[in-house]
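Hello,

Here is the structure I promised to pass on to you. Have a look at it first, and then read my notes below.

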Amino acid sequence: TDAASFTIASNTCTVAIAPAATCTITVRFQPTTTGAKTAQVAIAHNAGGSPSLVPLSGTGVNASTTFSLPAGPIAFGTRTINSNTTKTVLVTNTGTNPLFITSASAPAPFANVTLGTCSAAVAVGKTCKLNVTFTPTAGTAYGATLTIVSSNATNSPRTVNLTGTGR
């Protein structure tokens with residue numbers, strides 16, 4: 001009855017499954033209202049009893065998901081042209097639900113941004129680490145903005161300034 005609260009996040013069962021092998025269907029629960037939610041996944045197959053019905057349930061609660069970043073700017077200092085340095089940026093879950101970071105980006109010369117430990121759900125009150133690499137291409141001062149996007153935080157996207165100098 002609440003199918004919209006449940007989405008298929010991933011499905012490895014879309015190809016033929018060998019005898020004794022397994023596949024996985026991952027369902028994400030993201031209710032938009034409070035209260036008990038139920039639905040089911042119908043799995044069609046060529047074995048007897050198709051489709052198989054898997055019941056789903058969850059409870060939507062009034063909770064907020066927010067995250068914080070360092071005050072910034074994040075300073076990379078002076079680097080030799082075409083050399084690089086990497087800084088770790090701490091992202092803290094300040095909400096009451098697990099936090100899901102979906103992307104982080106910055107323009108060149110800060111363009112090499114990786115999610116690091118932020119690629120997994122961040123528990124309430126915990127911190128994850130993403131990495132930003134600065135590679136100056138000229139002898140000048142650089143400034144840019146790192147943008148971090150969450151699929152479930154109410155204060156997303158968030159930004160922090162980056163600075164660095166090439167010599």
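**The two disulfides**

Cys118 is buried, and Cys128 is buried too. Please keep in mind that this is a predicted model. These two cysteines are joined by a disulfide, with 2.0 Å from S to S. The bond links distant parts of the chain: Cys118 sits in the loop between β9 (112-114) and β10, while Cys128 belongs to strand β10, 10 residues apart. The torsion about their S-S bond is about 95°, so this disulfide is right-handed.

How many disulfides does a search of the whole structure find? There are 2. The other pair to look at is Cys13 and Cys23, joined with an S to S distance of 1.9 Å. Cys13 and Cys23 are 10 residues apart, and each is placed in the loop between β1 (6-11) and β2 (25-29). Their link is right-handed, with 100° about the S-S bond. Cys13 has a relative accessible area of 24%, so it is partly exposed. Cys23 comes out at 29% relative accessibility and therefore counts as partly exposed. If you count the bonded cysteines along the chain, the pattern is 1-2, 3-4.

Now turn to the inside of the protein. The largest nonpolar core contains 25 residues, and Val91, Phe110, Leu130, Val132, Leu146, Ile148 and Leu162 have the most contacts within it. At least two residues of this core come from each of β6 (74-79), β7 (85-93), β8 (101-105), β10, β11 (141-150) and β12 (158-166).

β8 and β11 run antiparallel and are joined by 4 bridges. You can find Ser103 opposite Val149 in β11.

**A closer look at Thr133**

Is Thr133 buried or exposed? Its relative accessibility is 9%, and since buried means under 20%, Thr133 counts as buried. This residue is part of strand β10 (residues 127-134). Its side chain makes a polar contact of 2.8 Å with the side chain of Thr86. Setting aside residues up to four places away in sequence, Thr133 touches Asn84, Thr85, Thr86, Pro109, Phe110, Ala111 and Asn112.

**Some backbone details**

Pro51 is found in the loop between β3 (35-43) and β4 (52-60). The bond from Gly72 to Pro73 is cis as well, again with omega near 0°, and Pro73 is in the loop between β5 (67-68) and β6.

Two residues have a positive phi to look up. Ala20 is not a glycine, yet its phi is about 70°. Ala20 is in the loop between β1 and β2 and counts as exposed, at 87% relative accessibility. Asn82 also has a positive phi, near 70°, without being a glycine. You will find Asn82 in the loop between β6 and β7, where its relative accessibility of 57% makes it exposed.

Enjoy exploring!

Best wishes

Terms used. Residues numbered from 1 in each chain as written. Predicted model: local features only at pLDDT ≥ 70, side-chain atom pairs only at ≥ 80, totals over all residues. Heavy atoms only, no water. Buried < 20%, exposed > 50% of the residue type's maximum accessible area, 1.4 Å probe, protein only. Polar contact = N/O pair within 3.5 Å; in protein donor to acceptor, adjacent residues only side chain to side chain. Contact = heavy atoms within 4.5 Å. Disulfide = S-S within 2.5 Å. Core = buried A, V, L, I, M, F, W, Y, C linked by side-chain atoms within 4.5 Å. Pairing = 2+ DSSP bridges.
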